Amino acid sequence: MCQLLGMNCNTPTDVTFSFAGFAQRGGRTDHHADGWGIAFFEGRGARLFIDSHAACDSPVAELIRRYPIKSRNVISHIRKATAGAVALENCHPFARELWGRYWVFAHNGDLKDYAPRLHGHFRPVGSTDSELAFCWLMQELAKAHASVPPVDELTRTLRELAPQAARHGTFNFLLSNGEALWAHASTHLCYIVRQHPFASARLADEDLTVNFAEHTAPTDRVAVVATAPLTRDEQWTAFKPGELRVFVDGAQ
């Protein structure tokens with residue numbers, strides 16, 4: 001299956017350290033070589049990069065590793081195709097507009113016999129169950145709320161919706177509107193919150209270590225969510241099956 005990476009923070013932060021290790025899982029230290037993508041929120045805008053080549057040797061991924069784009073919400077995905085061809089239109093994350101703002105979604109898992117009824121303007125472009133589930137989520141959110149509600153109301157609605165898709169298989173996902181990061185686990189998902197006092201960390205998939213104390217302020221707080229821990233010497237917390245967490249300003 002695929003792998004997920006998300007970041008939510010209280011101040012714009014680059015994800016180059018985490019992405020450097022994560023990208024290695026896209027064909028070098030793991031077999032997720034069927035495309036990748038990453039989205040950065042910047043204010044009301046969003047930068048989206050996707051590539052159907054393996055992340056470990058993609059020139060676009062190399063750009064991301066070297067270009068410290070700072071954002072408060074980031075979602076990245078490396079793909080192992082289970083539904084849909086290896087093609088650009090099937091690469092995550094996917095993006096849609098709702099209530100005048102961008103929403104970004106990435107999914108890890110496989111949904112069987114999944115054919116939700118779509119009757120609004122949200123339609124998949126590619127052929128993945130993941131994009132279909134995203135379109136359905138957007139449709140149901142639009143039906144449940146006339147305009148963008150507070151984060152806690154959105155969280156309650158997502159807690160009602162996620163199990164409906166999860167009945168069809170594995171539904172690990174990341175979702176963000178630039179204000180918050182929602183993470184749902186069917187199987188494997190974990191997170192860490194980095195805050196003062198900051199320490200050093202070493203990547204699990206690449207020989208790279210960083211001392212966060214040298215690059216942060218005492219008030220900084222960063223939450224990182226991943227399918228599997230990205231570092232060897234930090235304590236990551238596993239999600240429980242069926243759990244949905246929301247991160248705002250680097251806290252949950």
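## Helices α1 and α2

In this predicted model, helices α1 and α2 are roughly antiparallel to each other, a label given to angles over 145 degrees, with those under 35 called roughly parallel, 65 to 115 roughly perpendicular and the rest oblique. Helix α1 covers residues 16-24 and helix α2 residues 59-66, and the two pack at an angle of about 155° with their axes 8 Å apart. Here axes are lines fitted to C-alpha atoms, for helices over the stretch in contact, and angles run from 0 to 180 degrees between N-to-C directions; helices (H or I, at least four residues) and strands (E, at least two) are DSSP runs numbered from the N terminus.

On the α1 side the contact (heavy atoms within 4.5 Å) is made by T16, F19, A20, A23 and Q24, and on the α2 side by A61, I64 and R65. By class, five residues of this contact are nonpolar, two are polar and one is charged, where Ala, Val, Leu, Ile, Met, Phe, Trp, Tyr, Cys and Pro count as nonpolar, Asp, Glu, Lys and Arg as charged, and the others, Gly among them, as polar.

## Helices α3 and α4

Helix α3 (residues 129-144) and helix α4 (residues 151-166) have axes that come within 11 Å and cross at roughly 135°, and α3 and α4 are therefore oblique to each other. Their crossing is right-handed. From α3, the residues W136, L137, E140, L141 and A144 meet L154, T157, L158, L161, Q164 and A165 of α4, and the residues of this contact divide into eight nonpolar, two polar and one charged.

## The two largest pockets

The largest pocket holds about 450 Å³ of space and is lined by 21 residues, with T13, D14, F212, H215 and T216 lying nearest its centre. Two or more lining residues come from each of β1 (3-14), α1, β11 (209-211) and β12 (221-226), and β1 gives the most, with five. The lining has 10 nonpolar, seven polar and four charged residues. On a 1 Å grid over the protein atoms alone, a pocket is an open set of points where a 1.4 Å probe fits, with protein on both sides within 12 Å along at least five of seven lines, and lining residues have an atom within 4 Å of a point; grid points are joined across faces, edges and corners, and a volume is the space filled by probe spheres set on the points.

The second largest pocket has a volume of about 160 Å³, and its lining includes N8, C9 and P12, together with F41, E42, G43, S71, R72 and N73. The elements that give two or more residues to this lining are β1, β2 (36-42) and β4 (70-78), and the lining as a whole has three nonpolar, five polar and four charged residues.

## Backbone exceptions

Most residues other than glycine have a negative phi, and most peptide bonds are trans. A cis peptide bond, with omega about 0°, joins H92 and P93, and P93 lies in the loop between β4 and β5 (94-98). The bond from H196 to P197 is cis, with omega near 0°, and P197 lies in the loop between β9 (190-195) and β10 (200-202). W99, which is not a glycine, has a positive phi of about 60° and lies in the loop between β5 and β6 (101-108).

## Basis of the values

Because the model is predicted, local features need pLDDT of at least 70 and side-chain atom pairs count only at pLDDT 80 or more, while totals for chains, interfaces and linings use all residues. Residues are numbered from 1 along each chain as its sequence is written, and side-chain values use heavy atoms, with hydrogens and water left out.

Key:
Left-handed = near helix turned anticlockwise from the far one by under 90°.
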